[in-house]
Amino acid sequence: LWEYDLETEVSSGIVARFGKLFLSDNEGNLICLNQEDGSTLWQVFAGGEVLANVEVDAGLVVVKTASGFLNAFDIETGTEVWSYRSQAPNLTVRGSSSPVIDQGIVYATFDNGRIGAFNLKTGLPIWDGAISFTDGTSELDNLIDADSSPVLDGNRIYTVNFQGNLSVFDAAQRRVVWESRESSFYQPFILRGVLGIISDDSKISTYSSRTFEDSWKLDEYSLRELSNPETFKGYILVGDFEGFIHAIDPLTGITVARERISRNKITTLISRSDSFYVIDEKMRLFSLSF
């Protein structure tokens with residue numbers, strides 16, 4: 001249909017909302033394109049390098065930078081509306097999480113292992129809490145980056161961080177109601193009454209999403225460098241470093257289907273309607289059904 005060439009490299013994106021496309025380059029620029037013809041609507045410096053997708057509301061584009069800024073820009077003009085800066089630790093993992101907007105509140109996780117809730121229109125902090133606390137003796141031990149987006153389900157907010165916890169917050173009480181020691185770069189998944197997490201060593205742990213009791217654990221994918229989990233038609237889908245896609249039953253932990261689609265590592269899965277899409281390490285895009 002059309003193509004758009006950047007003089008720099010893309011660092012995050014693409015997000016499509018309200019007839020517009022949003023992406024960022026490696027120089028920290030936030031770019032807004034017309035979805036129909038690819039023309040540039042506006043471009044603005046986001047406040048730092050952006051490594052995660054933006055979140056978009058009808059009036060604002062919310063961006064989280066790798067340096068700990070959470071900024072909001074007008075969706076039509078790119079004018080900065082508000083800005084917040086978190087307290088960043090001395091050492092962090094290279095990565096970032098996308099903010100989440102729900103009912104006029106922006107939820108964002110930060111490299112200091114905390115989650116914050118902000119008023120969407122003004123950026124004023126409403127509350128914040130610790131996903132986990134540092135308990136090590138060195139900078140490496142104290143890496144507790146939250147590089148995955150929070151997951152909202154009703155009044156509960158599910159978060160996880162690296163070398164930290166899988167923590168569940170109650171939005172009304174503004175506090176942690178349950179936590180378990182976990183370490184992950186991917187956001188939790190909730191499916192058919194099961195709360196699950198893929199750890200940084202590719203082990204899968206699940207719990208009851210109602211009582212938080214242990215459900216099942218799966219070690220057979222350990223060290224297979226699993227991709228993000230994606231829920232699709234009642235199953236959990238993951239990709240691995242050998243190019244396989246695996247479909248797992250969330251109630252039993254049994255792998256019910258497996259297919260190799262690439263000779264390269266699978267990096268990203270996303271589902272839409274009756275299809276799901278896969279990107280491998282060589283930036284090849286696959287459309288699949290199950």
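Residues are numbered from 1 along each chain as its sequence is written, and side-chain values use heavy atoms, without hydrogens and water. Because the model is predicted, local features need pLDDT of at least 70 and side-chain atom pairs count only at pLDDT 80 or more, while totals for chains, interfaces and linings use all residues.

**The sheet**

Four strands form an open sheet in the order 9-10-11-12, with antiparallel pairing. Strands are DSSP runs (E, at least two residues), numbered from the N terminus, and two of them pair if DSSP finds at least two bridges between them. Strand 9 (100-102) and strand 12 (125-130) each have a single partner strand, so one side of each is left without a neighbour in the sheet. Strand 11 (residues 114-119) pairs with strand 12 over five bridges, and Ile115 stands opposite Gly129 in strand 12.

**Salt bridges**

Side chains of opposite charge can pair when their charged atoms come close. A salt bridge here is a side-chain nitrogen of Lys or Arg within 4 Å of a carboxyl oxygen of Asp or Glu; the count comes to seven. The table lists some of these pairs.

| Pair | Closest N and O atoms |
|---|---|
| Asp128 and Arg114 | 2.8 Å |
| Glu225 and Lys265 | 3.3 Å |

Relative accessible area (1.4 Å probe, protein chains only) under 20% means buried, over 50% exposed, and in between partly exposed. Arg284 is partly exposed at 40%, whereas Asp280 is buried at 0%.
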